[in-house]
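Here is a short briefing on one strand and the core around it. Have the sequence and the model open side by side.

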Amino acid sequence: MYRIENLSGLELMNTHTVLIVEDDPRDQFFLKHAFDDIGLKVELKFANSAEDALEHISSGFLPTTIVTDLSMPGMGGFGLLDRLKQSEVLRRIPTIVFSG
């Protein structure tokens with residue numbers, strides 16, 4: 001179980017960081033190049049699953065934005081969204097949902 005409920009004292013990072021939650025390497029490649037092509041100066045961090053994303057977050061990494069696929073093995077995007085909504089801190093992070 002990922003413990004994300006104890007983050008009330010943490011602040012979002014000052015730099016713009018985007019956590020991309022996507023299990024397909026081709027879609028990860030596409031998203032990276034889409035961000036590069038529009039010239040956004042952001043740090044991208046990739047998670048291969050919802051569980052991986054929660055592991056990053058529980059270790060203290062708080063992105064300024066989350067981009068997530070809905071269709072992934074395991075908990076999937078819907079499960080990730082449910083977990084994010086349970087936290088007062090994480091529910092404030094803008095989250096973009098996509099699915100193919």
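Two strands pair if DSSP finds at least two bridges between them. Helices (H or I, at least four residues) and strands (E, at least two) are DSSP runs, numbered from the N terminus. This is a predicted model: local features need pLDDT of at least 70, side-chain atom pairs count only at pLDDT 80 or more, and totals for chains, interfaces and linings use all residues. Residues are numbered from 1 along each chain as its sequence is written, and side-chain values use heavy atoms, leaving out hydrogens and water.

**Strand pairing**
- Strand 1 runs parallel to strand 2 (residues 43–47), joined by five bridges.
- Thr17 has Glu43 as its bridge partner in strand 2.
- Strand 1 also runs parallel to strand 3 (residues 65–69), through four bridges.
- Leu19 stands opposite Ile66 of strand 3.

**Nonpolar cores**
- A nonpolar core is a set of buried Ala, Val, Leu, Ile, Met, Phe, Trp, Tyr and Cys residues joined through side-chain atoms within 4.5 Å.
- The largest has 16 residues; Leu19, Val21, Ile57, Ile66 and Leu80 have the most contacts inside it.
- Strand 1 (17–21), helix 2 (50–58) and helix 3 (76–85) each give two or more residues to this core.
- Helix 2 gives the most, four residues.
- A second, separate core of five residues includes Val18, Leu31, Phe35 and Val67.

Methods:
Buried means under 20% relative accessible area, exposed over 50%, partly exposed in between (1.4 Å probe, protein chains only).
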